[in-house]
Amino acid sequence: MTEVEDYIYNFEGTQRKIMLFLHDFFVNEFNLNGKLRYKIPFYFRKSWVCYLNPLKNDGVELAF
């Protein structure tokens with residue numbers, strides 16, 4: 001298990017489901033590498049492409 005997956009499994013419910021889906025999608029479909037930066041998951045190829053930011057209202061922000 002990677003550090004990003006460990007981070008995601010600390011969440012519950014909808015946030016965990018959304019972040020796991022997006023993590024698997026980025027890693028398996030686009031061959032991006034996930035790393036924790038600034039205490040949130042960033043996804044890289046040659047430079048960062050996007051990040052997942054869990055929100056307090058049980059949502060997840062996906063930013064490019």
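Trp48 is partly exposed, with a relative accessible area of 42%, where buried means under 20%, exposed over 50% and partly exposed in between (1.4 Å probe, protein chains only). This is a predicted model, in which local features need pLDDT of at least 70, side-chain atom pairs count only at pLDDT 80 or more, and totals for chains, interfaces and linings use all residues. Residues are numbered from 1 along each chain as its sequence is written, and side-chain values use heavy atoms, with hydrogens and water left out.

**Overall fold**

- Of the 64 residues of the chain, 34% count as buried, and the C-alpha trace spans about 30 × 20 × 20 Å along its principal axes.

**Aromatic rings**

- Rings of Phe, Tyr and Trp (its six-membered ring) pair if their centres lie within 6.5 Å, and planes under 30 degrees apart count as stacked, over 60 as edge-to-face and the rest as tilted.
- By this rule the count comes to 10 aromatic pairs.
- In one of them, the ring centres of Trp48 and Tyr51 are 5.9 Å apart and the planes stand at 45°, so the pair is tilted.
- Phe21, Phe25, Phe26, Phe30 and Tyr43 are linked into a cluster by ring pairs.
- The charged end of Lys35 sits over the ring of Phe44, 5.3 Å from its centre; this term requires NZ of Lys or CZ of Arg to be within 6 Å of the ring centre and within 35 degrees of the ring normal.

**Nonpolar core**

- A nonpolar core is a set of buried Ala, Val, Leu, Ile, Met, Phe, Trp, Tyr and Cys residues joined through side-chain atoms within 4.5 Å, and the largest one here has 15 residues, with Tyr7, Ile8, Met19, Phe26, Tyr43 and Leu52 having the most contacts inside it.
- The elements that give two or more residues to this core are α1 (3-8), α2 (13-30), β2 (40-44) and β3 (48-54).
- Leaving aside neighbours within four places in sequence, Ile8 is in contact (heavy atoms within 4.5 Å) with Arg16, Met19, Leu20, His23 and Tyr43.

**Helix α2**

- The buried residues of α2 are Gln15, Met19, Leu20, Leu22, His23 and Phe26, and what covers them includes α1, β2, β3 and β4 (60-63).
- Just after α2, Asn31 takes a positive phi of about 55°.

Key: Helices (H or I, at least four residues) and strands (E, at least two) are DSSP runs, numbered from the N terminus.
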